Amino acid sequence: MKIWVDADACPAVIKEILFKAAQRTGVQMTLVANRPVRIPPLSCIHFVQVSAGLDVADNEIVKRLESGDLVITADIPLAADVIEKGGWALNPRGEMYSVENIRARLAARDFMDSLRASGIDTGGPPALNKSDRQIFANQLDKFLTKYAGSA
């Protein structure tokens, strides 16, 4: 089991939680982004830089992903591709995407996109707060305990 991080939009505080988890468990983690990302000098943490462009990082993650891997992303279409390929997807707020909930998330995303396209300001998600970070860390630990054998 490996962890893949959609690093272009992943908040720095979430990356720090991920780095600590990788160091503690030794699970292999790869951050994928179209710009350089600083990573700690640990043998279990890697970085792949892709060219700029829409969904280039997402496509690289899906290409390299194996069944059972975990992807950290807030990108719902990427999460859907991950699930379709047999992986797991966790967003930075600690919500695990699943076969059961991904269709509803895609429909809600598409609806919000159509509202924005018609000129309606839908706002964005609230800023990541301490509670969100704790929920993410707890979900990550629970996942690693179950699927990577330790946390």
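**Exercise 1. Which residues of the largest nonpolar core touch the most other members, and which element gives the largest share?**

Step 1. The largest nonpolar core has 25 residues, and Ile3, Val5, Leu18, Ile72 and Leu140 touch the most other members. A nonpolar core is a set of buried Ala, Val, Leu, Ile, Met, Phe, Trp, Tyr and Cys residues joined through side-chain atoms within 4.5 Å. Buried means under 20% relative accessible area, exposed over 50%, and partly exposed in between (1.4 Å probe, protein chains only).

Step 2. Two or more residues each come from strand 1, helix 1 (12–25), strand 2, strand 4 and helix 5 (130–147). Helices (H or I, at least four residues) and strands (E, at least two) are DSSP runs, numbered from the N terminus.

Step 3. Helix 1 gives the largest share, six residues.

The model is predicted: local features need pLDDT of at least 70, side-chain atom pairs count only at pLDDT 80 or more, and totals for chains, interfaces and linings use all residues. Residues are numbered from 1 along each chain as its sequence is written, and side-chain values use heavy atoms, with hydrogens and water left out.

**Exercise 2. Find the residues in contact with Leu18, leaving aside its neighbours within four places in sequence**.

Step 1. Contact means heavy atoms within 4.5 Å.

Step 2. With those neighbours left aside, Leu18 is in contact with Val5, Cys10, Met29, Ile72, Phe136 and Leu140.

**Exercise 3. Where is Asp69 found, and which side chain of opposite charge is nearest?**

Step 1. Asp69 is in the loop between helix 2 and strand 4.

Step 2. Lys and Arg count as positive and Asp and Glu as negative; His and the chain ends are not counted. Lys2 has the nearest side chain of opposite charge, 5.9 Å away.

Step 3. A salt bridge needs a side-chain nitrogen of Lys or Arg within 4 Å of a carboxyl oxygen of Asp or Glu. Asp69 is buried yet has no salt bridge.

**Exercise 4. Classify the ring pairs that Trp88 forms with Phe143 and Tyr147**.

Step 1. Rings of Phe, Tyr and Trp (its six-membered ring) pair if their centres lie within 6.5 Å; planes under 30 degrees apart count as stacked, over 60 as edge-to-face and the rest as tilted. The count comes to three aromatic pairs.

Step 2. Trp88 and Phe143 have ring centres 5.8 Å apart and planes at 70 degrees, so the pair is edge-to-face. Trp88 is in strand 5 (residues 88–90) and Phe143 in helix 5, 55 residues apart.

Step 3. Phe143 is buried at 4% relative accessible area, whereas Trp88 is partly exposed at 29%.

Step 4. Trp88 and Tyr147 form a tilted pair, 4.9 Å centre to centre with 40 degrees between the planes.
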